[in-house]
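Q: Could you walk me through this structure with me asking as we go?

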Amino acid sequence: MAAVATAAEGVPSRGPPGEVIHLNVGGKRFSTSRQTLTWIPDSFFSSLLSGRISTLKDETGAIFIDRDPTVFAPILNFLRTKELDPRGVHGSSLLHEAQFYGLTPLVRRLQLREELDRSSCGNVLFNGYLPPPVFPVKRRNRHSLVGPQQVGGRPAPVRRSNTMPPNLGNAGLLGRMLDERVPPSPSGQPEEPGMVRLVCGHHNWIAVAYTQFLVCYRLKEASGWQLVFSSPRLDWPIERLALTARVPGGALGEHDKMVAAATGSEILLWALQAEGGGSEIGVFHLGVPVEALFFVGNQLIATSHTGRIGVWNAVTKHWQVQEVQPITSYDAAGSFLLLGCNNGSIYYVDVQKFPLRMKDNDLLVSELYRDPAEDGVTALSVYLTPKTSDSGNWIEIAYGTSSGGVRVIVQHPETVGSGPQLFQTFTVHRSPVTKIMLSEKHLISVCADNNHVRTWSVTRFRGMISTQPGSTPLASFKILALESADGHGGCSAGNDIGPYGERDDQQVFVQKVVPSASQLFVRLSSTGQRVCSVRSVDGSPTTAFTVLECEGSRRLGSRPRRYLLTGQANGSLAMWDLTTAMDGLGQAPAGGLTEEELMEQLEQCELAPPAPSRGSLPSPSPRASLTSLHSASSNTSLSGHRGSPSPPQAEARRRGGGSFVERCQELVRSGPEPRRPPTPAPRPSTGPGAPLTPPKMKLNETSF
């Protein structure tokens with residue numbers, strides 16, 4: 001009773017070890033001894049009972065601690081027995097509370113458990129790791145050569161230009177901190193020099209963009225991924241990246257492999273050499289900020305929502321800029337570039353004819369179709385059906401509008417000259433459609449209302465879309481959009497959720513829940529079912545990602561592989577084998593994130609109120625911070641099956657006249673050439689990247 005009275009009157013600065021201490025933790029009473037609470041020096045409890053921390057007492061005189069009593073129970077048991085019994089408490093919650101109470105032995109034990117659960121060599125899907133490259137010195141010219149060069153037909157010794165310092169061994173990128181202050185981005189915010197901002201791939205090549213320089217890797221059959229090109233250090237942060245790596249021995253010679261980077265309105269283009277090195281082709285200006293940068297064949301395309309497009313032709317070395325209607329979406333099919341505009345029209349440009357046929361020094365921009373309601377075309381997807389012996393091929397276009405409509409239009413080979421005809425209309429969205437994808441077996445649309453996804457299964461007859469029984473609803477699930485309110489977490493252009501994959505195969509979304517996340521979730525774009533989840537092997541946040549369709553080797557039995565490429569905040573690049581994950585489809589948990597996984601991701605950030613609507617049409621492609629989230633209450637999966645592989649989409653190899661339909665038929669007849677359809681590039685985010693141990697950041701819950 002004396003001990004109880006002492007606790008009621010207040011906690012003395014010193015007391016006997018056997019004194020009973022009464023605690024009220026979150027409304028639940030606990031009783032223990034002073035010795036049990038204070039055997040760990042410099043902990044919360046030793047400071048509390050010594051008087052260094054002021055105390056609050058309830059009506060009974062027990063010391064009140066405003067913490068979770070469920071998590072406190074195993075902590076108190078550890079203080080009593082020095083043994084850990086989680087009792088069903090999540091490890092991260094237990095570690096967080098142990099750190100709050102300053103219980104160093106318990107913290108070390110929990111951290112060791114986490115380290116044993118997480119391998120630095122990744123899981124079975126982990127395929128490779130590329131360390132950060134050497135950071136180049138200040139640019140003196142734009143040329144950079146790496147690898148053996150040919151001089152007069154003889155191999156020349158490897159040389160480095162004045163923009164490439166000697167190899168610094170393990171120092172790498174982070175070992176060479178900037179000796180000069182990194183210039184701010186056009187938005188005025190400073191940039192993280194060591195963070196991977198953008199990743200893209202084509203065939204067996206990869207391009208990785210950092211804040212002020214880029215590097216290219218090539219996959220060699222025997223030696224793996226090799227660094228073959230490093231650009232000089234640029235003056236401004238890279239905001240857009242594009243790569244083309246066509247088959248060797250093409251008609252364009254050294255221009256069969258090119259890499260381009262855009263910053264503001266300036267575009268830099270380099271030619272790449274297969275054995276290493278590269279040379280600058282030129283610097284081009286669009287006059288307005290570049291919002292999409294990609295290749296259609298060997299033609300470099302740059303677009304802006306203002307309605308300006310620029311085309312560089314690899315044959316004539318000519319750069320042409322033209323004004324069209326304000327652009328809200330785009331897609332490519334073979335040598336055709338299709339543009340969706342805010343006036344409801346879909347225009348097409350045959351970039352392979354440019355500039356051989358020009359009218360008044362303009363590109364050949366032709367109107368293909370106009371929306372019946374003249375709603376802005378905010379998303380666009382083109383599918384060229386395979387050629388059949390009887391019916392030729394159809395051109396199928398799916399597009400989304402600013403009013404939330406989803407329409408499918410088709411053009412028959414027999415109706416040349418009449419233009420595409422409206423085939424189907426869906427009005428399941430009440431907000432602007434931000435993404436759309438029409439493939440062999442599925443139609444997928446995403447709208448701006450919390451990024452709601454709707455999918456349909458597509459019925460085909462002899463390769464052509466059919467009305468019997470027609471497109472049937474397949475699934476409905478949500479997309480969670482968390483983007484940094486202060487610009488941290490990476491460049492949004494490097495975080496596009498997809499869908500990724502060839503249109504005649506099963507496609508996937510890649511989900512990144514919060515900007516500072518080190519874990520990604522890969523899910524089927526048709527049903528939202530989880531394929532796998534990957535976590536960075538070095539613990540650093542993932543700042544950019546993409547999916548690469550890699551060619552198979554020449555060895556017997558080899559087949560093309562699909563890889564997930566993840567760029568990290570520390571400058572490294574990791575590779576994950578999605579082909580193996582797709583082969584084991586069904587072993588991962590059904591659906592998207594579980595409730596526990598979602599809460600674990602959200603613990604890394606603080607949510608801010610949604611930003612007000614901008615009152616304008618969506619950008620040509622949605623913000624890449626969209627992240628896919630399964631919602632059990634809103635997800636309805638009626639069926640789920642994988643599409644069977646068929647030959648990749650064809651691309652034209654020669655020029656020719658004729659109408660849009662005839663040219664598309666020519667593309668199919670010319671035979672397939674593997675290529676990955678260009679992924680729409682979102683609008684730039686110029687905020688700095690997340691640090692290696694990022695603080696909690698305030699996030700917006702909107703994606704538009």
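Contacts of E114

A: E114 touches S92 and L95, where residues up to four places away in sequence are not counted and contact means heavy atoms within 4.5 Å. This is a predicted model, in which local features need pLDDT of at least 70 and side-chain atom pairs count only at pLDDT 80 or more, while totals for chains, interfaces and linings use all residues. Residues are numbered from 1 along each chain as its sequence is written, and side-chain values use heavy atoms, with hydrogens and water left out.

Q: Where is E114 placed?
A: E114 has its place in helix α6, residues 104-117, where helices (H or I, at least four residues) and strands (E, at least two) are DSSP runs, numbered from the N terminus.

Q: Buried or exposed, or something in between, for E114?
A: E114 has a relative accessible area of 28%, so it counts as partly exposed; buried means under 20% relative accessible area, exposed over 50%, and partly exposed in between, with a 1.4 Å probe and protein chains only. The C-alpha atoms of E114 and G91 are separated by 8.2 Å, although these residues are 23 apart along the chain.

Q: And L95, what does that one touch?
A: L95 touches V107, L110, Q111 and E114, again not counting residues up to four places away in sequence. L95 lies in helix α5 and counts as buried, at 10% relative accessibility. Between the C-alpha atoms of L95 and R108, which are 13 residues apart along the chain, the separation is 9.1 Å.

Q: How do the axes of α4 and α5 cross?
A: The axes of helix α4 (residues 69-81) and helix α5 (residues 91-101) come within 10 Å and cross at roughly 70 degrees, where axes are lines fitted to C-alpha atoms, for helices over the stretch in contact, and angles run from 0 to 180 degrees between N-to-C directions. That makes α4 roughly perpendicular to α5, the label for angles of 65 to 115 degrees, whereas under 35 counts as roughly parallel, over 145 as roughly antiparallel and the rest as oblique.

Q: Which residues make that contact?
A: From α4 the contact is made by V71, F72, P74 and I75, and from α5 by S93, L94, E97, A98 and Y101. By class, the contact has seven nonpolar, one polar and one charged residues; Ala, Val, Leu, Ile, Met, Phe, Trp, Tyr, Cys and Pro count as nonpolar, Asp, Glu, Lys and Arg as charged, and the others, Gly among them, as polar.

Q: Switching to strands, what order does the open sheet of four have?
A: The order is β20-β21-β22-β23, with antiparallel pairing, and two strands pair if DSSP finds at least two bridges between them. β20 (327-333) and β23 (365-370) stand at the edges with a single partner strand each, so one side of each is left without a neighbour in the sheet. Neighbouring strands of this sheet are turned by 25 degrees against each other on average, direction ignored.

Q: How many bridges join β20 and β21?
A: β20 pairs with β21 (residues 336-341) in the antiparallel sense over six bridges, and A333 stands opposite F336 in β21.

Q: What about β38, how many of its residues are buried?
A: Nine of the nine residues of β38 (residues 542-550) are buried, so this strand is largely enclosed by the rest of the structure. β38 pairs with β39 (residues 561-568) in the antiparallel sense over eight bridges, and R561 in β39 is the bridge partner of C550.
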